Structure formats: C-alpha cells, structure tokens
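Here's a quick briefing to read alongside the model. Have the viewer open and follow along by topic.

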Amino acid sequence: MNVRFGVTFGGCVIATLLGASEAAAAEPRTPFPAHAALDAVGGSPAKGAYVLSAQGGWPFSFLRAQVGLSDRITLQSELESAVGRRYRPMLGIGVRLAEATHVRLTGEFLAGWLFQRSEEYRRGPNGELRFRLAIPVRRFVPYLVLGTRHAFLPDLLTIERASGTETSWSLRHEWTPWATLGLGFAISRGIGLDLGINYGWVGAPDTIALPGVHLGLHFGGDR
Amino acid sequence: MSRARFVFAGALGVVLAGCVNEETRLYEIELDGKVAVPDGAPSAGAVHLAFHVAKTFGEGDLEHPLGVFETRTVAGVGPVRETVLYPLDEGEGLVVYGWLDSDGDGVHCAPGQTEEPAGLVKVAGFPAHALSFSLTLRAPCVGPESLYP
Amino acid sequence: MKRRFGKAPLALVSALALSALVSLDVGCGAPPRGVDWNGKRLPAIDMHLHPGDWDHVPEDTRKFLASRFPFPIGLDAEAAAKGSLLPESILGEIDDAGIWGAGLFAIYAPRTVGVASNELVAEDLTFAPDRFFGLASLRVDRWTTDRDAELDRLKSTLSRPGFVGIKLAHAHQHFRMDDPAFFPIYEVGASLGKPLYLHTGTSPFPGTSQEPAYTDPTYLETAIQQFPAATFILGHLGYDFEQKRHAGLETCIRLAKTYPNVFLEPSALGSASSDPTGANLKEAMRRMREAGITDRVVYGSDGPQSPGFVKGYLERTVAAMKDAGYTEQEAAAVLAGNFARVFGVTVPAEAAE
C-alpha cells in the first residue's frame, strides 16, 4: 500500500508541477494582484469575486464555494468528505483580518451538520472556527490553516416506567483540531491549484489520526 | 398551534429523529424478592446480586445465555426490593444471580475460601414492571454460567 | 519573469521525483527469516495470532475495535479487519517480521471478542500447513446442557491435522478458573497431550468478566495441581489491561517455578497502547529471567491487530530481552525453542536464514 501511495502521490505532484511550469512559461508579464489560488487557500475573495474549489485527497476531500460580500466579508459553503463515510455540509462566513502585499489572514466560522456512517454512527450539529494564513509570492501561495471543530452528537434515552414513558436527550462532544499546510499555485488569474497536507485529529485527544494529503483545483472570477 | 408552528415542530422532530446516535431503551422493573440460604447454613454477610438478561440477542453464533446489566449489594439474606432498568434491545428474559460474601472481602471465593454459596433464579412473568423472585444460595463458589441454562 | 520561474519548478520536480522513488520499497525478495541476535539469526515463532471473521464479532466489540483504529481506518473498520484477519494477511505479517511459524487461535466468546470457529482455523491452516499451528476451542456458555457435545467436538478438532493445542479465555468466555465443572477441558488437554493456552488478566473488550476468579491466575492453581499431565500456558502474564499495569506477573512466575507444567506467554501487554512507555514489557522479561524460568517462556504477540503490529511486537520483545541481558541460548528458547518443545514441533533450518 505504501508503495502504491508513494507512486501515486509522487506522480500527482510531478504532473501538477510540470503543468505549472508550462503555465509559468506562458504567464502574462504583469503579476496577479489577486487570483483564484490565493482566494481559495487564503480565503476572503474581494467584494464581487468568487472562487470554487474542488480538493480531492485522502482521507479528506472538499468542495467549497466562496463569494465576497464586501472587501472583508465572505459567504462560503463547504462539503467535506472523509473516505466517503463521513460528511460535513457547512455554511459560514469569512472575515479578512489582515491583508498586505505578501500576507493574507482570514478568520472563518462555519456551522453545519455531521453525518458519519461507520460502526458507530455519528450525526449532529457541527461548527468550526479556523484561520487561514497565506503568503502569496507571485504565482505561489504557501498557506497554513489552523482550526478547531466541534460536533455535538445527540443520544436518546427512553425509560418505560409503570407510570409512563420518559425520554431524555444527552449530547456527546467530538473535538477535531485541524491543521493544513499547503502550497497554492496560480495557473492563471482564474484557475489555480493547490497541494496540501492535512491533519485532522478527529475525536481528540482520545484517538489516533493519520495525516492526509489533497490536491485541489480552483476556479475564480468576478460576478 | 398555528399551521406554521405545527409544520416547524414536525420538521424539527423529523430532523432530530433522523439524527439520533445512540438510542437506549430501558424498561423499569421493581423486583420484590427474597434471598435465602438452606436451613442451618451460615447466613452472615452481604449479598451481591447480578441482574442478567436470560438470553442475549445476537445473530447466529453470537446469541448466548446471560448478560449482566446491573449489579447491587444488599445487607444480607432476607427480603429484597430493588428497581432495575432492563436494556430492552440487548436480550430477553430476566435472571437474578447472587452470592453470599461470608468473609466480607468483596471477592467471591478468593483462593482458600470455599464456603461462599451462590444461587440463580429465572424470574417468571417477564416483562412486567413489578415482579417477584425467590433466590436460594446453595451452590458454593460457582458463577452464573454453572447454574444457567 | 520567465527566468525566475524556469529553474525552480525543475528543481522541485527533481526533488519530488527523487522522493517518490525513495518511497518505493524496491527491496529484493522477502526480509530474512529469524531475529538478529548479535549477528546470528535465531528462528522465531509467534504462538498467538487471531484469524477471524468480522461478522462473528459482537456489535459492541466492533464499535470498540473501530474506535481503536486510527482515523480514518476506523470509518471502515470492517474492511480493515477483514483484510488483516485473512490467512494470507497473517502470513504476510509474519513474513515481514521474519517469523517462521504462527499459532492460530480459535475462540468461542460470543459475549466479548466473538467467534473464530475451529472450522475457520482448520481452513486457514491449509494455507500454510507447515508454518501455521492451530489451537482449537469450544463453547462453554451452555455448559450445563452442551458439555459432552462440546468436549466431543473439541476432541474431534484436535485430531485434525495442524491442531496442536487448546485455547481458552475464562474472562472472555465467562467461566471461573477454579470451577471444577470445566475441568474436563483440562483433562482433554492432558489425555491428548495438547497444551492449553489460557488468557489471564483483565481485558479491554466490552462484556469481559473482570472479577478475579476469571482473570487472576491464582485461581488456576487447583487445576494446575490436579492435572500435572496437562501443560498450561498462561497468556499475558495476568496483565491488567484496564489499568495498564502488572497484576499477575509475580503469581505467574511463582506458578511456573512451582509447577513444571506451567509456561508463560508475554503477548499484548507490551503493545504501544497497553504499555505506552515500554517499561512493563521490559520488567516482565527481566523478572522472568531473574526467576530463572526462561525455559518456560513462549513468545506470542496477540496479533495481527494492525499492519506491522506483529513485527513491532517482536522488535519490542527482542529489545526487552537484550535490555534484560538474555543470553543467545535464552533468547532462542523464548523465541522458538520452548514452543517447539511444548508443542512437539520441529523447527526447520530455513526458519532462520
């Protein structure tokens, strides 16, 4: 499995960067002030701009859409899947906290629902607070995402007594600290790629989680 | 309730019902019983009771007799009144197992101790919220597996 | 601009291509057999491996096992477990570890770890008949009614090729270690010359009987005395898997020193989850050597658990033996010699080359 993974991963990386270097050869002479790759990995596209992202990987894959409502506020929706057995549809806002020539810092808050189909079903409301730090250098955008996710899993207890049936609910908490370290690349102003390493410690601190990797394709533009 | 509220409550119910993770269904039983030892046998000491489902659900090979769901300790032999919560989804039937802690060490027949009697009874009438049983502790140093089925 | 972009991707491509190549395991053939002991290869046999069938594991235990797999493996625990419990996977694991032979356990514990039937083990034994050794088991949960039939089935299984012993787990199967009603099982072991492997100590599995009479090896002493012709292998050294500490180690050592028909097996207690610091396995190996009973210790891991576990456990055990000053002769006895003697197995020369 390791061999297959190594070859696949290496192949993806090589193919991506070969494509990128060809694109670089054909790039326009003016650098991109803002581009889809930056908006995707750094968050908070400007007012009127949007970016659609598809990131495929193991174990996490993502579909994400972001629309700039103002120069600082972004509306976003996201669907995350872990190996096709755990899904998180989310809706939220992003706030551009800092912006400079080579830095963009975004805070994001999302809320949604968790659906996990496994030996133990996990379903319930889910929220996430995360920060994106992107450092655009021409076409390249190294980025870091740090987040904290919280899911609340409702359990139902029913007690049949002689006097009648009582029901009560309780909630279990699932915490997932999250980190992504990646590199975005602008093929053009409207099309970008990214490659990232994810670590989502699902069920921390009582569990062990494996790190993952994703490759993303991003499309952006103005409304 | 307005129609809108009714629809909202219904929708909320559907959402919540579809999102239960663990559903536990318990059945309350008030047990009125008597624990005894054979005439003339030593009877001093606390009695440790274990309440079992008589048969645990399971597919094929995984179905098996017994399955403890609650334990209690009572002061000694004599009348017993306990309320237990029976796990409806785990099995069927009710069995009460008990042993006499003659030496008060909390261990059933620690090495060298051979005088702590045990007993088991399958409670008749299950399921019902009020049941009675009579348990005689006469078998020394055995677990429920040696007494049932 | 072109110049700036020209070389950086090429350098990155080269570096990543190199790393991709490095990630390829292009080793020529399987790793050598045996354990390296100061330059000499010693044969190894892992007496404690579990084949199985996910469908015959109770729901609570499936959840428990899924929760112990790292994320996201636990999301599809069935696929992960099914893969690792197959005989070809077990053979692959022992090959990777350099282990020559393996004991495959049947188990009938429907309340806890589930059922791996004698028939399943018999089938798995055919996959590597020269290297797999079966330990048969029996149901004890309807003992008052099915005892004779179960004993007959056990005897019949033990007469099949490849079955070398009996596996019991009082805590998982819910029967007291000192209950004479179950002594006929030991009698079968004695009369057929088939050693009995007994789980001792507590267990993390849901539904386990954790009371002393089901876990504390002290309670086996009556049976050990009563059946001197039966060989008792006390698995896990009475370890407390709930508190992750030694509980029955000294009792096991005392029993082994007192009775010639007692052997000890240090599986599972030294795993990363049960012994996070590695100190407990080292202490166990050290104490057994100090007690002068290295000729009574039979190596086992309690795998396959997860890919690489079998190899990792062997490495931890070998490291613990080296740490405790085992001689080559003592290590050879623990790793294979004692198993061969107890179970009457001949270890071929190719087991360590």
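Helices (H or I, at least four residues) and strands (E, at least two) are DSSP runs, numbered from the N terminus. This is a predicted model, so to speak of local features takes pLDDT of at least 70, and side-chain atom pairs count only at pLDDT 80 or more, while totals for chains, interfaces and linings use all residues. Residues are numbered from 1 along each chain as its sequence is written, chains are lettered from A and ligands numbered from 1 in the order in which they are written, and side-chain values use heavy atoms, with hydrogens and water left out.

- Most residues other than glycine have a negative phi, and most peptide bonds are trans.
- B:C109 is buried, at a relative accessible area of 1% (buried means under 20%, exposed over 50%, partly exposed in between, using a 1.4 Å probe and protein chains only).
- C:K244 also has a positive phi, near 55°, but C:K244 is partly exposed at 41% and sits in the loop between strand 10 (232-235) and helix 11 (249-258) of chain C.
- A cis peptide bond links A:W58 to A:P59, with omega about -5°, and A:P59 falls in the loop between strand 1 (49-58) and strand 2 (60-68) of chain A.
- Chain B has a cis bond from B:Y148 to B:P149, omega near 5°; B:P149 is in the segment after strand 9 (139-140) of chain B.

**The sheet in chain C**

- Seven strands form an open sheet in chain C, ordered 3-4-7-8-9-10-11 with parallel pairing (two strands pair if DSSP finds at least two bridges between them).
- Strand 3 (45-49) and strand 11 (262-265) of chain C are the edges, each pairing on one side only.
- Strand 3 of chain C runs parallel to strand 4 (residues 101-105) over three bridges, with C:D46 opposite C:A102.

**Where chain B touches chain A**

- Contact (heavy atoms within 4.5 Å) involves 16 residues of chain B and 17 residues of chain A.
- B:C19, B:N21 and B:E22 supply 36% of the area that chain B buries against chain A, more than any other three residues (buried area is the accessible area, 1.4 Å probe, that two parts lose on being put together, summed over both).
- A:R161 and B:E28 form a salt bridge at 2.3 Å, N to O (a Lys or Arg side-chain nitrogen within 4 Å of an Asp or Glu carboxyl oxygen).
- Strand 1 of chain B gives the most to the side of chain B that touches chain A, with six residues.
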